[in-house]
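Me: I would like to learn how to read a model of this kind. Please take the features one by one.

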Amino acid sequence: MIQLLHIFWSFFKIGLFTFGGGYTMIMMMQREITQKNNWMGEKEFMDYLSLAQASPGPMAVNTAILIGYRQHKLAGGIAGFLGSTLPSFIILLLIAVFFQDFSENPEVMKVFNGLRPSVVALILYTVFVFARNIRKWEYPLFIAVAGLILLGISPLYLICIGIIAGVAYTYYKTHKSK
Amino acid sequence: MVYWQLFIAFFKIGLFGFGGGYAMLSLIQHQVVTEHQWISDTEFTNIIAISQMTPGPISINSATYIGYTVTHSVWGSVLTTFGVCLPSLLIMLIASYFFVRLRNNVYVSAIMRSIYPVVIGLILSAALQLMTRENFIDFKSYLIFAGALLLLYKNMNPILVMALSGFVGFFIY
């Protein structure tokens with residue numbers, strides 16, 4: 001029980017104090033897990049991280065479930081899950097409950113008039129950062145994907161096509177070389 | 001009825017949410033704004049701003065917030081948050097079991113690699129869909145947009161950029 005609480009608390013702390021989304025949380029987790037708690041080495045942590053990254057869902061939550069499970073089986077996985085999601089849930093619920101009342105307030109609206117263009121800038125900037133990691137011939141591919149979504153095609157189909165293409169290509173390559 | 005729809009919508013978002021928070025925003029946008037029209041583009045942009053400035057993963061932050069906004073009930077939040085996380089929980093528990101065999105699997109890395117251009121496309125579409133008249137109300141909006149891009153390019157912390165643009169908005173509008 002103490003061990004489960006420890007798993008829960010380790011991820012809860014990180015969730016409570018880490019601003020800026022998944023990637024920042026991962027850096028905090030690395031320190032907490034490999035240095036402070038000494039649960040595993042860097043190498044093993046990176047293995048868990050790459051599996052969490054290749055899977056759907058919030059990366060930080062995936063990592064917490066995997067590592068919780070490694071420490072204490074199913075109960076540990078659930079402790080990791082709760083620890084990594086509860087802080088966000090509690091904070092955002094409080095904001096949602098109170099924000100409904102003051103979102104009509106003209107002063108608050110001014111702040112959000114300034115915030116919205118900057119949100120768009122941030123998302124667009126992420127495209128530039130990510131695009132650095134792909135090859136030039138893949139550029140038309142992602143632009144086509146964006147175009148299709150704007151035309152009303154569900155992103156879910158495009159993700160399925162991406163997965164099927166990747167699996168088919170790998171299958172073809174591994175079997176050709178034999 | 002809306003509770004069940006919310007749960008299913010967020011379950012789908014969690015199940016197909018490859019590639020991190022911003023890619024998931026595009027899925028959320030498609031489900032919540034385009035398909036079910038529970039909230040408007042402007043509200044959605046506000047929610048992203050709030051999620052960005054609060055701790056935790058953006059997908060969970062926006063799920064919790066949207067759940068409450070749509071239903072005006074705590075149970076709405078519980079369902080959306082649980083819905084978006086349930087696929088993670090199931091997939092990761094199964095993956096833990098097969099972990100040793102999965103971690104160097106060629107197909108796992110192939111999925112990650114081939115999904116990457118799709119993920120960037122998702123993020124681009126999210127940005128383009130938010131370029132509306134409601135988000136860019138006048139020329140000052142474009143100045144904030146350009147300024148934010150420049151600061152991000154200069155490696156300023158995104159949360160600081162947000163805080164700064166909110167501050168600027170308060171004084172110029």
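Me: Read along the sequence, what pattern does chain A follow?

Reply: Helices (H or I, at least four residues) and strands (E, at least two) are DSSP runs, numbered from the N terminus. In chain A the pattern is α-α-α-α-α-α-α, which comes to seven helices and zero strands. This is a predicted model, in which local features need pLDDT of at least 70, side-chain atom pairs count only at pLDDT 80 or more, and totals for chains, interfaces and linings use all residues. Residues are numbered from 1 along each chain as its sequence is written, while chains are lettered from A and ligands numbered from 1 in the order in which they are written.

Me: Where in chain A is confidence lowest, and where is it highest?

Reply: pLDDT is the predictor's confidence in each residue, from 0 to 100. Where pLDDT is low, the predicted coordinates should not be read in detail. Chain A has a mean pLDDT of 90, with 97% of its residues at 70 or more. Helix α2 (residues 22-36) of chain A is lowest, at a mean of 84, and helix α6 (residues 139-150) of chain A is highest, at 94.

Me: What radius of gyration does chain A have?

Reply: The radius of gyration is taken over C-alpha atoms, and the globule rule is 2.2 Å times the number of residues to the power 0.38. For 178 residues a compact globule would come near 16 Å, but chain A has 21 Å. The C-alpha trace of chain A spans about 55 × 50 × 25 Å along its principal axes.

Me: How many residues of chain A are in contact with chain B?

Reply: Two residues are in contact if their C-beta atoms, placed from the backbone, lie within 7 Å. By that rule, 80 residues of chain A are in contact with 88 residues of chain B. On the side of chain A that touches chain B, α4(A) gives the most, with 21 residues. By class, this side of chain A has 54 nonpolar, 21 polar and five charged residues. Ala, Val, Leu, Ile, Met, Phe, Trp, Tyr, Cys and Pro count as nonpolar, Asp, Glu, Lys and Arg as charged, and the others, Gly among them, as polar.

Me: Which domains does the assignment give for chain B?

Reply: Domain bounds come from an automatic or database domain assignment. For chain B it gives domain 1 (2-132) and domain 2 (136-173). The C-alpha centres of these two domains of chain B lie 25 Å apart. Four residues of domain 1 of chain B are in contact with four residues of domain 2 of chain B.
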